[in-house]
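Below are some notes for a colleague who has asked for a careful reading of this entry. They are set out as numbered points, to be read with the coordinates open.

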Amino acid sequence: MSKKRPGGESLPSAPSTATGPSPDHEVPAATPAPDPKRWWALAVIALAQLMVILDGTVVNIALPSAQRALGMSDADRQWVITAYTLAFGGLLLLGGRIADLVGRKRTFVIGLAGFAAASALGGAAAGPGMLFAARALQGAFAAVLAPSALSLLATTFTDPKERARAFGVYGALAGGGSAVGLIVGGLLTEYLNWRWSLYVNVPIALAALLGAPAFLRDRSGRRSGHLDVPGALLGCGGLVALVYGFSEAEPRGWSSPSVLTPLVAGVVLLAAFVWWQSRAASPLLPLRIVRDRVRAGSLATMGLATIGMFGVFLFLTYYLQVVLGYPPVRTGLAFVPISAGIVIGATQIAARLLPRTAPRTLMSSGMVLAAAGMVLLSSLTVHAQYVTHVLPALLLLGLGMGLTFMPVYATATAGVPAQDAGVASAVLNTVQQMGASLGTVLLNTIATGATGRYLHSHVRGPDADGATLDQGMVHGFSVAYRCSAGVLLLAALVAGLTVWHRTPKHAGHDAPA
């Protein structure tokens, strides 16, 4: 049995054969006692989340060194990144449903162990093929690990205030992990070597593995049923095709058959996936999860936020290293303010306000702040100073993302029945991963096109000098930043129009299976 709040969110309630009290005064009789080890469980989950998010960017700064060491061609080097995103984004829904069927704690441990082994394999790579395979394995195990971690968090913390604090930490890691990856990648590359950008995952995973058996408690979910094989093939195939098409758009161009074919195939496969999910006996993605307006609005906000945000790391890395001449470590440290802003926004502001503030207020305010930071970045020139021009923008971006990510994670996973917790978490992770992939490709295409048009109109001779090339690059970045600001403002509008109620009381309880 479940009750409904405005906005369609299902809240668990104890089964009853008699007419119970009104929803506003309902006290769940079956509310479990808080787990005394729940804060240690948060530490274990946070370690795993940090490792998965960090690995999306930690290799970026190390990539030039890895390319030289392994003799990779310029055309093949993208597969160090793409192999990870393809496997991660394409297999998340499958990983979430496996967590619901097999057990979240069990799949969490399997994901951790597999991720550590794949990282060690990548660090020891003797050639490009071995590194590409290891990165794909990392993505596959991350697709099992990430939804298990988020669903364990959602079912461990049930008190609204404690839940807000826990999701504040999780949201800070989700938003700041990418920037931390750039910092760690710069330090490891400059002072050790590129292989340590992969080896670093091993001790993190081992620490989480040691804590998982002692501190994690997997609450009741579904342990019977079968895996929806047709749904897995359609959904995973569609997502892989889309991610692959987006990844090929930059080197080949949007009109290339190598881009259009997988994009069209991905759309067709996902349409077939939705049709099948409405008819399958045990669907991979129960459509009731995404039909709820509040949850759908939270997912859309997350997707738009990551589309607008992830170009920042790519563009600022090139701006700082190529235009301003920063070395890798200094480039990584330059991203510290955005990480600090995300942590403060998520843990000290959003986590304190969410129990008594509508989630849409926090989400919309955060997106407006982040859009303001993008507008500041769009005014950068080749002679800009970090403290006066870049730093204020990064602080606004960090605070805005922290204010947004924390309530999105808490709201999108609230009130989900226990048997669907893993797949609901997978949907949120999938939206974030797909948004990051799409945003990076689209914004990079916009920036590259704007740079090309600038150089075409400003270069009179056969070659451009270094100063003109820098000006063209910065111009392209500025155009992309303005587009990012527009996407973030759209995210603010979506949150304001769809996420219309407060976070449900007792959110996160297991609903009856």
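How near do the axes of helix 12 and helix 17 come, and at what angle do they cross?

1. In this predicted model, the axes of helix 12 (residues 293-309) and helix 17 (residues 386-412) come within 9 Å, and their crossing angle is roughly 145°. The crossing of this pair, helix 12 with helix 17, is left-handed.

2. The contact itself can be read residue by residue: helix 12 contributes Val294, Arg295, Ser298, Thr301, Met302, Ala305, Thr306 and Met309, which meet Met401, Thr404, Phe405, Val408, Tyr409, Thr411 and Ala412 of helix 17.

3. When residues up to four places away in sequence are not counted, Leu394 touches Leu316, Ala334, Pro337, Ile338 and Tyr386. The C-alpha atom of Leu394 is separated by 8.6 Å from that of Met374, and these two residues are 20 residues apart along the chain.

4. The buried residues in helix 8 are Asn201, Ile204, Ala205, Ala208, Gly211 and Ala212. Viewed down the axis of helix 8, these buried residues fall within an arc of 135°, and therefore they line one face of the helix.

5. The other side of helix 8 carries Pro203, Leu210 and Pro213, which are exposed. The cover over the buried residues of helix 8 includes helix 1 (38-54), helix 4 (104-123), helix 5 (128-156) and helix 7 (196-199).

6. Ser478, which lies in helix 19 (residues 466-498), has a polar side chain by the classification used here, yet it counts as buried because its relative accessibility is 7%. Once its neighbours within four places in sequence are left aside, Ser478 is in contact with Ser378 and Leu380.

7. For the chain as a whole, the secondary structure comes to 19 helices and two strands, and buried residues make up 57% of the 513 residues. Among contacts in the chain with a separation of 6 or more, 84% are between residues 24 or more positions apart.

Notes. Residues are numbered from 1 along each chain as its sequence is written. This is a predicted model: local features need pLDDT of at least 70, side-chain atom pairs count only at pLDDT 80 or more; totals for chains, interfaces and linings use all residues. Side-chain values use heavy atoms; hydrogens and water are left out. Buried means under 20% relative accessible area, exposed over 50%, partly exposed in between (1.4 Å probe, protein chains only). Helices (H or I, at least four residues) and strands (E, at least two) are DSSP runs, numbered from the N terminus. The arc is that of the directions from the helix axis to the C-beta atoms. Contact means heavy atoms within 4.5 Å. Axes are lines fitted to C-alpha atoms, for helices over the stretch in contact, and angles run from 0 to 180 degrees between N-to-C directions. A crossing is left-handed if the near helix is turned anticlockwise from the far one by less than a right angle, and right-handed if clockwise.
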